[in-house]
Amino acid sequence: MAKNQHEFDLLTLQRISSSKSIIRLLFVGISCITLLPEMDLSQLTISTERLLIRPFTLDDIEASYQMNLDAEVSKYTGDGGVVSKQEIERRITEDVLGDYTKHGFGRLVVELKATQEFIGFTGLKYIPELNEVDLGYRLMSQHWGKGYATESAKAAIELGFEKLGLKSIIATVLPDNQGSIKVLNKLNFQFEKEIEEEGESVHLYRLK
């Protein structure tokens with residue numbers, strides 16, 4: 001991606017002394033360099049009242065695949081719905097685990113504390129095309145309507161502001177996805193504008 005005064009690259013360096021500890025350097029144009037705090041991936045594990053939120057592992061491929069088979073879940077995701085298990089493995093290995101390595105954060109598994117059951121994901125993702133950090137969440141449909149999306153997203157937001165030092169977080173949603181819009185409203189996101197994402201018009205919300 002070509003760089004100018006409005007764009008930045010988020011680069012990471014793995015410390016030789018620890019496989020978990022990541023130093024992230026933020027380059028803003030060519031005029032400013034800011035050293036961000038170290039991020040130990042163990043800090044991405046969060047406990048809430050009912051949920052355990054943790055980094056993805058390859059053990060989560062099957063559960064993620066089963067979630068993606070649910071047409072109700074994929075109705076508003078904009079990622080093509082049902083895909084092969086091999087594609088799910090690629091997404092987790094390259095995209096999610098890759099984000100941990102590059103940025104020190106990414107989407108996170110959501111489990112029920114009581115049963116250790118995988119129920120979906122939540123978390124933050126750096127979107128280079130928008131130069132923004134995005135909040136995303138997806139739950140298995142049998143767990144909708146129980147407040148888990150709001151509970152897990154709130155924890156991810158606190159991680160972003162308190163540990164990552166973010167100044168704002170965005171979320172994009174299809175205009176007819178009323179369930180997700182209600183969650184964003186509960187989290188105090190404000191509608192900002194309409195943009196095009198993967199060929200579809202979506203609404204962009206922001207929290208500062």
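How many helices and strands does the protein have? The protein has five helices and twelve strands. Helices (H or I, at least four residues) and strands (E, at least two) are DSSP runs, numbered from the N terminus. The model is predicted: local features need pLDDT of at least 70, side-chain atom pairs count only at pLDDT 80 or more, and totals for chains, interfaces and linings use all residues. Residues are numbered from 1 along each chain as its sequence is written, and side-chain values use heavy atoms, with hydrogens and water left out.

Of the 208 residues in the protein, 46% are buried. Buried means under 20% relative accessible area, exposed over 50%, and partly exposed in between (1.4 Å probe, protein chains only). The accessible surface is about 11300 Å², and carbon and sulfur atoms account for 52% of it. These areas come from the Shrake-Rupley method with a 1.4 Å probe; for residues, only the protein chains shown count as cover. Contact means heavy atoms within 4.5 Å. Among contacts between residues at least 6 apart in sequence, 52% join residues at least 24 apart.

Glu151 sits in helix α4 (residues 148-163). Its relative accessible area is 15%, so Glu151 is buried. Not counting residues up to four places away in sequence, Glu151 touches Thr48, Glu49, Arg50 and Leu51. The side chains of Glu151 and Thr48 are joined by a polar contact of 2.6 Å. Such a contact is a pair of N or O atoms within 3.5 Å; within protein, one must be able to donate a hydrogen and the other to accept it, and residues adjacent in sequence count only if both atoms are side-chain atoms.

Strands β11 (residues 190-197) and β12 (residues 200-207) pair in the antiparallel sense over seven bridges. Two strands pair if DSSP finds at least two bridges between them. Ile195 has Val202 in β12 as its bridge partner. The hairpin has two residues between the strands, and Glu198 takes a positive phi near 50 degrees. Glu197 belongs to β11. With a relative accessible area of 30%, Glu197 is partly exposed. Leaving aside neighbours within four places in sequence, Glu197 contacts Thr172 and Val202.

One aromatic pair is found in the whole structure. Phe191 and Tyr205 form this edge-to-face pair, at 5.6 Å centre to centre and 75 degrees between the planes. Phe191 lies in β11 and Tyr205 in β12, so the pair ties together parts 14 residues apart in sequence. Rings of Phe, Tyr and Trp (its six-membered ring) pair if their centres lie within 6.5 Å; planes under 30 degrees apart count as stacked, over 60 as edge-to-face and the rest as tilted. Phe191 is partly exposed at 45% relative accessibility, whereas Tyr205 is buried at 8%.
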